[in-house]
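Hi,

Here is the structure I promised to pass on. Have a look at it first, and then read my notes below.

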Amino acid sequence: MSKTAHNTAVNSFNSNHSSYDVFRPSFNPILVNPFLVDLGLAEVIGDKFKFKTDKKIVEIACGTGKFTKNLIENGWTTNLTVIEPSSGMLTTFQKNFPQIKNVIQASSYEIPLQDNSVDAVIIAQGFHWFADDESLKEINRILKPGSKLGLIWHFDYCSPSQNSNAEDSKFFNDGSRYFNSFEKIGNNEKLFEKFFANQKWNEEVTKYIYGFDVNVPQYRHGKWRKVLLESKYFKNDTKDSFALYDRLISKEDVWKYWETRSYITDLSDEKKEEIKYKLFSIIDANVNENSYDPNTKLLIKPMVLHAVVVTVNK
Ligand SMILES: C[S@@+](CC[C@H](N)C(=O)[O-])C[C@H]1O[C@@H](n2cnc3c(N)ncnc32)[C@H](O)[C@@H]1O
């Protein structure tokens, strides 16, 4: 019998899909469009992107469709199939995108599609939940020879997930005031450590919240990168791209954002109240005049969008 999707993922996303949809960030075309080019799904003509909507895409772990929105806006409908195990996520997905008909409730371990039938597989903010060879074998099975897998995540702090060289990576400025002072030489994890040091309140809040994530798979643990590099189902040709941005956010929404993390969603209301109180006190203790955007008076939260492309080995 094949494996099933992680319980914490399915249960927490079953209960928090509405707030997830509101408080999680969207995916900016500044990085997404070049990502689609790297996946063979678009080309650049002059200063415009032309999307190859005749190419068949499977998006695994579509959730409420935060990334799917980009594909739909770029013209995909019938050649797009989405896979998601959580019925809660799918309820919000279908409300958001009733025009998408190829919606399948399934997991990465058993994808009900034919061998060699797909031009690209995309996973947004999800591969860490099923970063294992069973999933990669199944993704390899449905991909056509020579085609690619694309992974994309937002992240809040440096981690082994960025253990690659800046010289081999692409960087995009999605409106970060720190972009020009961000060095692009050496190990990316080290570079991002300096990037996040620009806002101490965010560093401290993130480290506090990370104290609760030890028992569930997370992007930042970096296991996905090791699994991918060692897998015989994919070539050893991973390419990283990063878009740096500043999210402007109120103190209340910092909490609401973190509350959508599966490992926080799953806690009791009493525990959540305690964490919220502590989180506010960490913010208060670590803000200064540079912590706020002068126009909106909102907190500046440095963030990064990370895309990875790898070729199927078959
Ligand atoms: C953090 S959400 C990401 C959702 C969406 N892609 C986005 O970017 O907002 C992670 C998703 O992975 C899904 N998931 C977890 N395990 C999975 C598996 N084995 N196969 C497919 N999806 C899975 C969860 O149900 C959840 O919807």
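**What I found**

Let's start with Ile57: beyond the residues up to four places away in sequence, Ile57 touches Leu41, Leu71, Trp76, Asn79, Leu80, Asp119, Ala120 and Ile122. Do keep in mind that this is a predicted model.

Ile57 also turns up in the largest nonpolar core, which has 65 residues. The residues with the most contacts inside that core are Ile57, Phe35, Val121, Ile123, Ile152, Val304 and Leu305. Strand β10 supplies the largest share of this core, 7 residues. Another core, of 12 residues, lies apart from it, and includes Ile209, Val254, Leu299 and Ile300.

**The sheet**

Next, the strands. There is an open sheet of 8 strands with mixed pairing, and the order is β5-β4-β3-β6-β7-β10-β9-β8. At the edges stand β5 (103–104) and β8 (170–173); each has a single partner strand, so one side of each has no neighbour in the sheet.

Of its 13 residues, 12 are buried, so β10 is largely enclosed by the rest of the structure. β10 runs antiparallel to β7 (residues 143–155), and 8 bridges join the two. On that side, Ile152 stands opposite Ala307 of β10. With β9, β10 pairs over 11 bridges, again in the antiparallel sense. There, Leu248 has Ile300 in β10 as its bridge partner.

For a parallel pair, go to β3 (residues 57–60) and β4 (residues 80–83), which are paired over 4 bridges. Ile60 is opposite Ile83 in β4.

**Helix α6**

Which residues of α6 are buried? In this helix (residues 188–196), they are Asn188, Phe192, Phe195 and Phe196. These four cover an arc of only 85° around the axis, which puts them on the same side of α6.

**Around the ligand**

The ligand is surrounded by 25 residues, and the closest are Ala61, Gly63, Ser108, Gln125 and Phe130. By type, the shell around the ligand divides into 15 nonpolar, 7 polar and 3 charged residues. Helix α1 (residues 7–23) gives the most to this shell, with 3 residues.

Gln125 sits in the loop between β6 and α5 (133–142), and although it is not a glycine, its phi is positive, at about 55°. Is Gln125 buried or exposed? It has 21 other C-beta atoms within 10 Å, and 20 or more count as buried, so Gln125 is buried.

Asn116 has 14 C-beta neighbours inside 10 Å, so it counts as partly exposed.

Arg220 lies in the loop between α7 and α8 (223–230). Arg220 counts as partly exposed because it has 18 C-beta neighbours inside 10 Å. What does Arg220 contact, leaving aside its neighbours within four places in sequence? The answer is Phe155, Tyr157, Ser159 and Ser161. Arg220 and Tyr157 are 63 residues apart along the chain, while 8.0 Å separates their C-alpha atoms.

Cheers

Note on methods
Residues numbered from 1 in each chain as written. Predicted model: local features only at pLDDT ≥ 70, side-chain atom pairs only at ≥ 80, totals over all residues. Arc of directions from axis to C-beta. Core = buried A, V, L, I, M, F, W, Y, C linked by C-beta atoms within 7 Å. Contact = placed C-beta atoms within 7 Å. Near = placed C-beta within 6 Å. Nonpolar A, V, L, I, M, F, W, Y, C, P; charged D, E, K, R; others polar. Pairing = 2+ DSSP bridges.
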